[in-house]
Amino acid sequence: MNNIDILLKNSKKIHFIGIGGSGMCPVAEILLSLGYEITGSDNNDTETFRKIEKEGAKVFLGQVKENIADDTDLVIYTNAILKGNEELEYAKANFPTFERAEVLGALSRIFTNCIGICGTHGKTTTTSMTTQILLEAGLDPSAVIGGKLPAINAYGRFGKSQNFVCESCEFNNTFLHMNPDVAVILNIDEDHLDFFGNLENIKKSFRQFAEKTTRIIIYNGDDENTVDTLKGIEGKQLISIGKNDSNEWVAKNIDIPGGFHSEYDVYHNGEFVTRVKLSVPGEHNILNSLCAFVASYVSGASIDSILSGLEKFGGASRRFELLGTYKGVTFADDYAHHPAEIRVTLNAAKKMGYKRVWAVHQPFTYSRTAKLLDDFAEVLSIADKCVISEIMGSREVNTIGIKASDLSSKIDGAVQIDTFEEICEYVCANAEEGDLVITLGCGDVYKVARMMCNKLKGE
């Protein structure tokens, strides 16, 4: 048993630093539901911050050492907290203190059917789909999701079964704290190179995640990097999914007529099983949904409940989220922040029959923007019109000297506008009836999407 497992078992009062974060809030909710006394702080007064307060946590706006009570047993923090944070430094000096990923790892060992969903792209959507299916099947899952699932209006939930659906992120090797019973590996691609350095190191980490899985590995048999990573794995049941007939579970007769719908047939070992109807756009969601289908099936969900859950699933928050149509202009928002994700999103958008597709992109981190500059320029060129905001540095300092204009200058006809207010004015003045405007990025670019909607609504 790990140190965190023992401490969690023997703790009563737990404090969260950054409790309002989308990754922290559902962990706090689960621990609240398990009977722990929860306190927490955040620098931002967000919806999730107030939600956890309403559920019974004592919260503090602002981060100072006085937020932590003397009788606190355990402190949990998010890796988004910057070095030198007064509250975190005080916690580390005076209390057992663990990063959120370590606690998530401990939770993965509490449940007997933890489904850990990983991959460079598609984690949030697949985790959301799986959660919705298990809810539909009456299997009452607990869940930690990287985006808000409309069916529960939250980033996670506590259920009373032994099913735990958990988005498992490779960034900083956080998923290596987990021991899932069922692992889902969607794909393996080059990302977070500021941490991993190269693709081989990424594959090594996914290999470790697979080795730490206790029972079943569901994987994308069409993805060369994933197949290579899993070679020689023993002692687990390996289940391949994909579009090629060599896989155990196969999606065939795919029909994507445009709009926000698609259909396909499911085959298992060459035998027809059923036809799936999806209410989310894009070919990438075929494989995401097939992974959710199989993960739910091996967890006890019936075929009928799987079909119902998938058809009712209208997308996770910020995953090609349709915001509405105002004055003939349709607005959507998407979390895509890697070239491969942006390519998939924009290709799906171009097939939907709109007059023009606008990409409003907020580059995220200086290192990723610099390292993948040409790749970003290539995929953003898929859009008919492109607007680039200033770079959101997040945890980084711009020691590279990269500028947003370095990206926009590589895209024909693109404009670079720093502020959301100016972007809102520009797009609303130039978008035409029949256009689709998609905001793209994992920072706070969703704010400009809502600003544009409100402006055209006249609010």
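**View 1. Cys-291 and the cysteine closest to its sulfur.** The sulfur of Cys-291 lies 9.9 Å from the closest cysteine sulfur, that of Cys-118, which is too far for a bond. Cys-291 is buried, with a relative accessible area of 1% (buried means under 20% relative accessible area, with a 1.4 Å probe and protein chains only). This is a predicted model, in which local features need pLDDT of at least 70 and side-chain atom pairs count only at pLDDT 80 or more, while totals for chains, interfaces and linings use all residues. Residues are numbered from 1 along each chain as its sequence is written, and side-chain values use heavy atoms, with hydrogens and water left out.

View 2. Cys-386 is in no disulfide, and the nearest cysteine sulfur, in Cys-442, is 16 Å away; Cys-386 counts as buried at 5% relative accessibility.

**View 3. The open sheet.** Five strands, paired in parallel, form an open sheet in the order β3-β2-β1-β4-β5 (strands are DSSP runs of E, at least two residues, and helices are runs of H or I, at least four, numbered from the N terminus; two strands pair if DSSP finds at least two bridges between them). The edge strands, β3 (58-61) and β5 (97-99), each pair on one side only. Strands β1 (residues 13-17) and β4 (residues 74-77) run parallel and are joined by four bridges, and Ile-14 has Leu-74 in β4 as its bridge partner.

Terms used
A disulfide is a pair of cysteine sulfur atoms within 2.5 Å. Buried means under 20% relative accessible area, exposed over 50%, partly exposed in between (1.4 Å probe, protein chains only).
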